[in-house]
Amino acid sequence: MEYYYAPMQGLTTALYRHIHHEFFPGTDQYYTPFLAAHQTLNFKQKEIRDILPENTRQVPTIPQVLGNKADQVAWAVAEIARYGYREINFNLGCSMPTVAKRGKGAGFLKDPDLLDRFFDAFFENLEREYDLSADGKSGEKGCGGVVKTVFGQEECGGGAPENLSQKRNTIRFTVKTRIGTMDAFRADDLIQVYNRYPISLLIIHPRTAKDLYGNTPDLETFGKMLEESAHPVCYNGDLCIEKDLEELMTRFPQLERVMIGRGLLRNPALVRELQGGEKLTEEETMRFHTRLYREYLEIYPDSRQVVDKMKGLWTYHGSWFKGKEKELKAIRKSRTAQEYEAAVARLYG
Ligand SMILES: Cc1cc2nc3c(=O)[nH]c(=O)nc-3n(C[C@H](O)[C@H](O)[C@H](O)COP(=O)(O)O)c2cc1C
């Protein structure tokens with residue numbers, strides 16, 4: 001089984017991914033929150049920082065792009081590839097109303113014909129510049145000409161990154177999708193569209209955009225998409241404890257990859273536990289958060305921004321701490337670095 005850390009805007013920053021990978025090795029790939037492809041053909045500084053090789057080099061990172069215009073998304077892919085990435089993910093799963101209402105992310109899924117025309121133009125554009133490795137072996141280890149890392153180095157025998165120019169023309173394009181915008185009636189049409197294009201991996205979060213994070217994942221539709229897909233499939237959605245994965249694997253034993261988001265925010269050692277390793281300890285959480293907090297303080301000039309960032313994480317991570325509601329509430333209410341540090345000290349006290 002391969003484990004991928006889901007992208008989560010505002011939470012899984014380059015720094016978070018780096019420190020998580022150091023403390024809890026075992027996650028095979030980390031997806032960045034989306035970089036938006038606009039008509040300005042410019043990324044924000046914040047987006048660029050998130051994929052700068054010096055910020056991500058130690059971590060197997062897959063940048064993600066959001067957009068709905070073929071030329072803009074092709075520009076974004078080429079721009080990201082300039083940093084040396086050889087695998088890029090396309091976001092067809094974002095359910096945020098501001099995104100979905102503009103026909104992007106999961107909002108793009110309401111019209112499979114439009115999506116088909118988009119891919120047609122997009123791949124025509126992309127194929128002029130790159131070989132699309134549609135071998136379907138995401139993260140394949142070993143040689144055989146398969147690009148393993150996202151930095152263009154085939155990691156056979158390790159060593160320094162190879163001459164990028166030799167590999168410039170190979171790229172793997174993957175898709176992260178929901179099953180529809182308002183409903184899943186056209187999930188089958190979506191799969192037929194995906195099947196027509198050189199997509200290396202299809203990550204399916206079986207909810208509609210309308211669901212946001214409510215309802216339960218629609219495993220029946222997922223099963224049909226899995227069966228129909230010409231591409232390798234990765235499951236994503238609501239995997240929080242070992243039992244969730246066991247149940248999923250009982251139903252879909254052919255799955256070889258899962259992506260986990262909130263489950264890993266709640267329990268950063270979840271992958272280790274799923275692999276049969278040690279359970280997360282309170283002391284580990286303390287060291288992990290202290291390190292993250294200190295390093296954020298070095299990056300952000302305003303410590304209140306850091307407190308806000310940390311509070312975002314505690315929203316999820318707090319649920320791991322049973323019976324400490326009062327202490328967690330104090331963390332949530334803290335506004336200054338002093339208040340935050342005092343509240344965290346009380347939690348661990
Ligand atoms: C706060 C937050 C931000 C997210 N940002 C992104 C994003 O940038 N790109 C994306 O594809 N999905 C994003 N997602 C969706 C997750 O990647 C994932 O698909 C979803 O949380 C379901 O998986 P889970 O149940 O394991 O968390 C976000 C989810 C949350 C909760």
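Before I turn to the helices, a definition: an axis here is a line fitted to C-alpha atoms, for helices over the stretch in contact, and angles run from 0 to 180 degrees between N-to-C directions. What we have is a predicted model, in which local features need pLDDT of at least 70 and side-chain atom pairs count only at pLDDT 80 or more, while totals for chains, interfaces and linings use all residues. Residues are numbered from 1 along each chain as its sequence is written.

Helices (H or I, at least four residues) and strands (E, at least two) are DSSP runs, numbered from the N terminus. The axes of helix 8 (residues 187-195) and helix 9 (residues 219-228) come within 10 Å and cross at roughly 25 degrees. The two helices, helix 8 and helix 9, are therefore roughly parallel to each other, a term that covers angles under 35 degrees.

Let me move to the strands, where two of them pair if DSSP finds at least two bridges between them. Strand 1 (residues 2-5) pairs with strand 9 (residues 257-260) in the parallel sense over 4 bridges; within this pairing Y3 stands opposite V258, and Y4 has M259 as its bridge partner. Strand 1 also pairs in the parallel sense with strand 2, over 2 bridges, with Y5 standing opposite Y30. On strand 9 there is a further parallel neighbour, strand 8 (residues 233-236), joined to strand 9 by 2 bridges, and here Y235 is partnered with V258.

Finally, which residues are closest to the ligand? They are A6, Q9, P33, G261 and R262, among 21 residues that surround the ligand, where a residue is near a molecule if its C-beta atom, placed from the backbone, lies within 6 Å of it. Strand 2 (29-36) and helix 11 (262-266) are the elements that each give two or more residues to this shell.

How values were computed:
Angles under 35 degrees count as roughly parallel, over 145 as roughly antiparallel, 65 to 115 as roughly perpendicular and the rest as oblique.
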